[in-house]
Every structure is written in C-alpha cells, then in structure tokens.
Amino acid sequence: MIRFASHIIQFVFVIILIISNVSAQSVYINNDRINEPLSFPWAGGMDAVQYCNVDFNLDGIMDLLAFDRRGNRKMCFINNGTINEIDYEYAPQYSKLLPDFKEWVIFADYNMDGKNDIFTYSPGYGSMMVYKNISDNTLKFDLVVYPYLKTLLPGGYVNLFVTSADYPGIADVDNDGDLDILTFGVLGSFIGMHKNLSIEKYGNADSLDYEHTSYCWGHVAESDESNVLYFDTCMPGTDFVNQNIIRKERHTGSTFLVHDLDNNGLVDLLLGDVDYSGLFALYNSGTIEDAYISYSDTLFPQGTSRVNLFSMPVATYTDVNNDNIKDLMVSPFDPGIVTSRNKNSSWLYINSGTNTSPVFELSQTNFLQSEMIDVGSGAYPVIYDWVGDGLKDLFIGNYGYYKYSYYVNYFLYSVFHSCIAYYKNTGTLQNPVFQLWDDDFAGLSSLQQIGFIPAFDDIDGDGDTDLLVGNSDGKIIFVSYNKASGDFDVITENYLSIDVGDYSSPQLFDLNKDGVNDLIIGEKGGNINYYQNFGSAGNPEFTYITDSLGKINVTDYSVSWNGYSTPSFFRDSNQNTGLVVGSEQGIIYYFTNIDDNLDGKFTESDQLNLLLDTTDVDFDRGMRTGVVICDLYSDGNLEMIVGNYSGGLEYFNGAVNVLSDINNFNYKNELEIYPNPANSEVIINFPEKSGIVEITLYNIDGKVIITRTFSFQNRIVNLSIADVSNGVYFIKSEIGNKVFRNKLIVVK
C-alpha cells in the first residue's frame, strides 16, 4: 500500500493525455461474448450509474438498482442468487414501485428492520429527503422526511446540507447502532459529521434526529482547486473557519463510501472528486469519538488496475457474485455529461479476500453494459433495410464514444468521436434478430466529429443508397455509397449549405405523399425544419419551406433553453401520418393531424399508449432521446424504439433478440494486416507466436466468402484472395477464445 503521512498530497496534471479507450490497454477487461444473444439488450445503456441494494421481489435476496443520473433513469435487476455466479435478470416492472429520484440516491436501512430505506436528493432545498421501506407483500415506500432532512446547529435546526453534485456517506460512523451522515460543509473543504441521536434519545434507530457534531471529521481537508488533500488541518475544538488554507468557496463535487477498509474497527473513506479519475482511500487511525485520517492510498485498489474513470467515481460495496463476500462497483458520478467513459463506465472489482480484509481484482469495465446495447453517449435509432433483403436493419447514431481526457489548469476536458453502429437483421420477417455488424459504419469516425444521426436514400442517382448525416454543427454530411466497390465517400460536410444551428437530426420521409422523400431536420432549438423535395427519386431538389413545421417546439423552457428535437415521421396500417419526437428532457412527444395540414399546427396527442397497444407506459425516457416507430414484424402493428443519452435503447410493444458482435472489438486494433488495400494475397500478423487460427472473410452484406483454418508459426498467415472481387470485406480471425476483426479492401 502506498501511504503518505505528510501534510499534503498533491496531484497536478497540466495538459496530460489520459488512457485512451481506443488503445489496447490491459485495464479494459470487458469479457464480451461473441455471437451470442445479449441478456438484456433493451435495458437502455449506462453512462453514470449509482448502484444500490434493494429486495425488489421480496425473496430475501438483495437485488440491484442501477440509477443513472443521465436522465434520472432507474434500471432494476433481479438477483437470482446462484452461488458463486453473477446472475442478474433485467426487471423493468419494478421501477414503477420506486419513487422518482433526482441526481443521487442511497439505499440504507435507517430503522434496522432489515429493509433498505431511501435517502435521495431534495431538489431546490440543498439537502435530502427520506423514504421509509414499508414493504409487506409488495415493494412499498413512504415519504417520511420532506422537503429536507434537518440537523441541529448551535443556533437551531437547519437543512442538512448536501448538493446535487456531492454523494454523502451514510453509515454507522460512531458504532452506536444508528446511521450517521458525512458530507462536505457549506463553506469549506472539511468533512462534516452529522450524528444520529436516535439511540441516545429513544433507545432505538427509528428516528432521524441529527446533530452537526464535527466540522472537521478526520482532521483532513480538500484543496480548493484540485484533489489535493491536507492532513492534520484542525485541532480538537478548533473551528474550521479559522484555518488559513480554507478558501471562500469549495469546488463542488465529491463522493464518499464509508467502510472499514483495514479492519481496525474504525470507518475509513473512499473519496472520489470532480474532474479526477481515481478513488483515494483515506484510512482512519483515530478513535470512534475522534476520527483521524493519517494516510491515504492514492492508487486504490492495490494489486490490480486502479480505478481510472472520468469523472468523479462513486463506489458501492456489495456482494455481486453471491459468495457472501462484498465486491466493489465503481462508476462516474460527475453531473457534467461530457466526461464519462460511457461504454466502459461500469467497473466491477471481485473481492477474493474477506469483507473485513478485501482483496480486489478488476473483472469488468462494462459490468451489465456488456449485456445491453450501449453505443457510448447518446443513441439515435434509425430503421432501414440496408441489404435490400426485405428485413429492416437497425442503425444507431450517437453523440460519441469516449476517446481520452486531458487537463488544462486543473480543468478536465474529454474527447469524443461519433460513430454509426450497424445492427444487421439476421432473422426473418416474423422473427427479426439484430446483430452488431459494424460499430463504425461507413468509417465516419475518421471525421472526428460528434452528434451523428443518419438518414438513408439514393441522393446521387446511381441506384445505391447514400447517407445524409446530421452532426453537432447543425449541418448535413453527404456520404455517397458505391455498392459495387463497397466504397463510402464523404462528398461534402455542408450539403446544400444547410445549417440549422446545432445538432441537426435529419429524416428522409415522403411527407406530402408525392412519391419522393422530403428532408425533415430537428435541432438543438427544439423546432423542426422542413425541406420539400421538388425533384425526383435519385435526383432530389430540397427546398427550404419552414423552420417551424407543425408549429412544434419541444423545448421545456422551465428547465432548459434547448430542446434537441429528433423527429421521426411514420405511417400506420391505414397510411395515416404520425410523428414522434425525442427531446432534451427525455419526453417522447406524439403528434397527429398531419396529412393535408403541413402549413398548420399539428395536434399533440396523449394516445401513444393506444397507438402502440401498450398499457400505462411513461414516455419520459431519460434525456436527449431519439425515437423511431415502424412495423418491424411486418404484421400491421407498430413498435417503437427509443434511445437516450446513456447510449442505450428501449423497445416498446414487443421484444427483438439482439446478438453480440460477430467479432470482439477489443482486439481489432492489435492485428496487423498488409497490404491493405490488397490484390491477390494478404499477410496477417498475429500477436501469438504460433497456433491454430480460423479465418473467415465476409462481404459487407454479411455473406461468408472464405473460411480457412491455418496452423501458423512466427505469427504469420498468408491468405489468398485471388478469387475475391473488388470491394470492402471483414476478416474475422479466431485463436482459442480470442477473436480479431479487421476491414480489408480488395482492389484488382
């Protein structure tokens, strides 16, 4: 363990590049399965979750709530309790039994009745409210503290202060049988101790009666500009405001996990801090009455890959694999939405030690995420039959995948690159099945932009489907596709000089029913732009009509000045036109009265449940939602797919199986293939010195062209492609349990 007994621990980063998610780093242990069904593909993705234990089905086994503060989403997972196994089942039906949470939530049993109660942020009050678990035959909670929990100061009771950007520590700090609270104070860097007096006053833990007994718990303080820690900063009885090092205003944003990490009978702290990627373990060597943080482990946990999450990790200590030993889960808590490692933001450390002397080993960086569709930050679904086989494929644009982070003058910046994911429909008309086929469709990540949302049609008149792609700049990218060669060409990043401001969201749809697709574009402002097509199929002539189509604006000005409209027009079995629109606040808006009314005001409807044949579904689905409605089963009924900023999708009115990738993207950058483009032969260089490899060559439509098995030495395999036509192909190479995938261009 790395220990520091000095007064100052300081980490200063200036313009330092941090671990890139695209590099082959040993820290990324994803354990993705290949070509197998995902367990819960439509769970909605994860970006910045907090894990909590609650017994949803009241079977005596603790289940798992994953609360994602990106849109305040609740994801419920039933623990089937299989000994020594991670065995969770997605159970969205239980989310309705939980109250709504904002920003953060902690489940803890304050009255010691064996049922976890709820502490959660109280918006507008700088404090928390509390729900008591009153479950009998069903899960139930009763609001017992509102609008805020109080604590006693010398001048009387005030709200127990905690911000939306701080995650407090709730535990029995003084070992007297009731739950105390640790949190940073209003003015300073010191940790405040709020002692629960329930046992002292009433002889039981039923009450939430707090007194602010220490302004300087642990005798440790945090710097005003970084995650510098100052030890031995206050003497007993000394008021914290007299310390010279304290600034006028603390930089908001810290997380606590309170637990005895070294089995000395005193609680320690795991501390996460805004704009920083790791956890500090702060060890308490004082007494129960007077905590004293004397040293810190800044590379926690030792003996394995340290926590390296952007930003502001929050930790949970709970038994994940049903071996009665608590494991460690860590995820970002940062309230800012452009820092998270997104697709790799749920880290699981398995504990091979004991509850009192843990030994952590990093197991996954995408715990639960690996079993759901998760395309990073932002998910904008589009349905289109790309192959032309009559089966509807799924495309997903995104805000971007996390690439790396860096600091400038203590400020954190993270870089994202947008991609389009292609899920090929490998099923049938009656039983569609989506399989991840390409995580960077058309290779558009090379543009290094954010906010891609695709639309499909033949734009250049060559008979092949092209792409119009929206982005954060508010412009439209025109990508031409040549099916014969398999080439994608970015013709222009400013198609027709269209500029809707920021975050263009295009759709190509025959709005006026004249036989050619028009161009409809949502935008950050919340309105919808309409460009009518006065041309023909394959030769469009888009002409601007209005930036207020249907007189729609989905911005909720009581919350934000931005709307982020993502329109999706559709037609029902009677060819009536409808419209659903995603939004910044996450609400899916539904509009009717569109046909023969393109100059008028569309009618907002509350009948979306009726349209989808669903019951009592809440169509507030997180934040920055994208949406598509279509008849996916070709049976005359409509289904809806909704994406959100956490990078995942939800499916309404049915379910479709989703298969994991035909390859493992974690290995694709480790394999050398040359020449590329190639003519008659390609050389493949493997990281292993020798072995047996099975190589499969697919064309862009997923058809197997070549399958060969080789025994190789000195890492080299020579693959003949003499009989392969010009085009773009995928090479999948399997060595044992490792799978590699690369693109190959064949040019004769």
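Predicted model: local features only at pLDDT ≥ 70, side-chain atom pairs only at ≥ 80, totals over all residues.
**Note on selected local features of the model**

1. Phe456 stands opposite Leu467 in strand 34. Helices (H or I, at least four residues) and strands (E, at least two) are DSSP runs, numbered from the N terminus. Strand 33 (residues 453-457) is largely enclosed by the rest of the structure, because 4 of its 5 residues are buried. Here buried means under 20% relative accessible area, exposed means over 50%, and partly exposed lies in between (1.4 Å probe, protein chains only).

2. Residues are numbered from 1 along each chain as its sequence is written, and side-chain values use heavy atoms, with hydrogens and water left out.

3. Asn204 is located in the loop between helix 1 (198-202) and strand 16 (210-214). With a relative accessibility of 30%, Asn204 counts as partly exposed. Apart from neighbours within four places in sequence, Asn204 is in contact (heavy atoms within 4.5 Å) with Ser198 and Ile199. A polar atom of the Asn204 side chain lies 3.0 Å from the backbone nitrogen of Asp206. Asp178 is 26 residues from Asn204 along the chain, and their C-alpha atoms are separated by 7.9 Å.

4. Two cis peptide bonds deserve attention. One joins Phe300 and Pro301, with omega of about -10°. Another joins Phe310 and Ser311, with omega of about -5°. Pro301 is placed in the loop between strand 22 (293-297) and strand 23 (313-318), and Ser311 is likewise in the loop between strand 22 and strand 23.

5. Asn342 is not a glycine, although its phi is positive, at about 40°. Asn342 lies in the loop between strand 24 (327-332) and strand 25 (347-351), and at 0% relative accessibility Asn342 counts as buried.

6. Asp596 also has a positive phi, of about 60°, although it is not a glycine. The loop that holds Asp596 is between strand 43 (589-592) and strand 44 (603-605). Is Asp596 buried or exposed? With a relative accessible area of 84%, Asp596 is exposed.

Notes:
Polar contact = N/O pair within 3.5 Å; in protein donor to acceptor, adjacent residues only side chain to side chain. Pairing = 2+ DSSP bridges.
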